[in-house]
Amino acid sequence: MENIVFPQGFLWGAATAAFQVEGATDVDGRTDSIWDEFCRQPGKVVGGDCGEPAADHYRRFEQDVAMMADLGIKAYRFSIAWPRVRPDGGKVNQAGLDFYQRLVDSLLAHDIVPWPTLYHWDLPQTLEESGGWANRDTAYRFAEYAAATVEALGDRVGTWTTLNEPWCSAFLGYAAGVHAPGRTEPAAAAAAVHHLLLGHGLANETIRAARPDAKVGITLNMYPIIPVDPDNPADLDVARRLDGLQQRIFLDPLLRGEYPADILEDLEPFGFGEHVHDGDLKVISGPMDMLGVNYYTEHYVSSTPNGEAGPSPWIGVQHASFPPRDAPITDMGWEVRPDGLTTVLMRVHNDYPRLPLYITENGAAFRDDFSGTGAIDDVDRTGFIASHLRAAHAAIEAGVDLRGYFCWSLLDNFEWAEGYAKRFGIVHVDYDTQIRTPKMSARWFSRVARDNALVAVS
């Protein structure tokens with residue numbers, strides 16, 4: 001451990017998302033997002049849960065900021081709720097902006113870097129009723145929302161993330177239907193991919209015009225795609241298609257100014273190319289200052305069907321299954337594969353134009369054990385983070401310009417379609433009392449952040 005020291009100035013942070021932690025879903029002018037409506041649909045969310053009260057962060061943010069400061073966390077990655085700032089996608093709501101003004105001021109007063117994300121999946125429901133991200137107009141409404149937010153906060157916020165995980169927004173929301181808005185329309189998912197990227201590009205231009213000194217980036221969820229049988233052409237083709245949909249359909253237009261030719265061909269039946277207008281790729285590939293990487297596991301893929309039916313996020317892929325391997329799994333059923341983090345960081349470093357990278361999410365859901373003592377000794381979660389920090393450090397030693405790590409998540413929270421059944425937080429939240437209890441992982445991560453180095457798990 002004594003040799004695993006991170007570069008000077010490495011940024012140690014924790015992350016949340018607005019709908020997952022804020023609660024107060026009908027307070028101070030906020031209107032419905034697609035997730036409010038999705039939660040009302042029977043059977044969509046485990047337990048019939050919704051975003052109220054979540055972790056009540058809207059009312060308790062000062063307590064949470066003070067707790068981060070006590071833990072030595074240097075940066076807070078949070079998202080801004082579009083339905084608070086421009087309810088229904090319409091005019092600016094000052095009361096909603098004021099909340100984020102107070103949050104940013106509190107963070108700065110505690111010497112914590114504010115690191116906002118403009119879109120973490122909470123599209124105003126009114127815009128969805130006009131087509132959502134399948135409608136090109138939504139990209140322009142997103143740029144308007146970005147302009148209002150940056151005007152209010154840009155004098156105190158230096159780094160902006162436009163979108164979080166557009167893969168999830170497009171493919172889980174519009175193809176598989178397991179995330180809001182719950183649509184199962186592959187052609188709409190294809191359109192959403194391009195319009196999300198266009199929204200990023202337009203917001204990037206908007207931010208830079210308002211604040212030329214601002215740093216702007218996007219966050220992608222990346223996973224190595226590994227064929228079960230590398231000698232089987234069918235497995236190789238499935239891996240290629242999944243890699244294209246998961247990674248290259250985003251990385252290539254952002255960093256090379258073009259869509260991958262093979263994926264354009266794969267998506268031709270869904271009308272993807274019809275949405276790409278002259279000049280769009282120039283907007284999408286505008287200069288970025290950093291790229292956020294969210295990493296949780298690997299995808300081990302086979303062309304052999306597993307008998308499961310139902311809508312799939314992998315549009316255009318006839319058969320794809322994910323056989324389990326001999327590996328520990330998290331409470332989400334995801335394999336623990338820390339080496340995959342090194343793989344994805346090295347891939348971006350080797351295959352694309354160089355820019356600073358940040359791990360903007362990494363963490364795990366496990367069942368917490370109180371052991372009857374009041375302490376929460378989440379050994380599995382602590383070990384998960386430690387192993388992934390070793391993998392991140394291996395990438396740094398290989399030359400990757402990795403500048404920070406945000407653990408997911410600061411707080412136990414509403415875990416999307418899993419409701420409150422899964423806990424990712426390094427801080428336990430009692431949803432009945434809203435009492436916060438730092439877990440073993442939080443106490444350990446605090447020492448790591450203070451030492452800028454891995455320390456023994458004890």
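Predicted model: local features only at pLDDT ≥ 70, side-chain atom pairs only at ≥ 80, totals over all residues.
**Exercise 1. Explore the largest cavity: how much space lies in it, and which residues line it?**

Step 1. Start with the count: the structure holds three cavities of 30 Å³ or more.

Step 2. Turn to the largest cavity, where the space comes to about 60 Å³.

Step 3. Now list its lining: Ile 34, Trp 35, Tyr 119, Trp 121, Trp 133, Cys 168, Ser 169, Tyr 174, His 179 and Ala 180.

Step 4. Sort these residues by class. Eight are nonpolar and two are polar, while no charged residue takes part in the lining.

Step 5. Finally, look for helices in the lining. Helix H2 (34–39) and helix H8 (166–176) each give at least two residues. The largest share, three residues, belongs to H8.

**Exercise 2. Follow H8 to helix H9: at what angle do their axes cross, and which residues make the contact?**

Step 1. Find H9 at residues 186–210; its axis and that of H8 come within 8 Å.

Step 2. Read the angle, which is roughly 160 degrees. Angles over 145 degrees count as roughly antiparallel, so H8 is roughly antiparallel to H9.

Step 3. Pick out the contact residues. From H8 come Pro 166, Ser 169, Ala 170, Phe 171, Tyr 174 and Ala 175, and from H9 come Pro 186, Ala 188, Ala 189, Ala 192, Val 193 and Leu 196.

Step 4. Look back at the cavity. Ser 169 and Tyr 174 belong to the contact with H9, and Ser 169 and Tyr 174 are also among the residues lining the largest cavity.

**Exercise 3. Compare H8 with helix H10: how far apart are their axes, and at what angle do they pack?**

Step 1. Locate H10 at residues 233–256; the axes of H8 and H10 are 10 Å apart.

Step 2. Take the angle, about 130 degrees. Roughly perpendicular ends at 115 degrees and roughly antiparallel starts over 145, so H8 is oblique to H10.

Step 3. Check the handedness: the crossing of H8 with H10 is right-handed.

Step 4. Name the partners. H8 brings Pro 166, Trp 167 and Phe 171, and H10 brings Leu 245, Gln 246 and Phe 250.

Step 5. Divide them by class: five are nonpolar, one is polar and none is charged.

Step 6. Compare the two contacts. Pro 166 and Phe 171 of H8 meet residues of H10, and Pro 166 and Phe 171 also take part in the contact with H9.

Methods:
Residues numbered from 1 in each chain as written. Heavy atoms only, no water. 1 Å grid on protein atoms, 1.4 Å probe; cavity = no way out; pocket = protein on both sides within 12 Å on 5 of 7 lines; lining within 4 Å. Points joined across faces, edges and corners; volume = space filled by probe spheres on them. Helix = DSSP H or I, 4+ residues; strand = E, 2+ residues; numbered from the N terminus. Nonpolar A, V, L, I, M, F, W, Y, C, P; charged D, E, K, R; others polar. Axes fitted to C-alpha atoms, helices over the stretch in contact; angles between N-to-C directions. Parallel < 35°, antiparallel > 145°, perpendicular 65-115°, else oblique. Contact = heavy atoms within 4.5 Å. Left-handed = near helix turned anticlockwise from the far one by under 90°.
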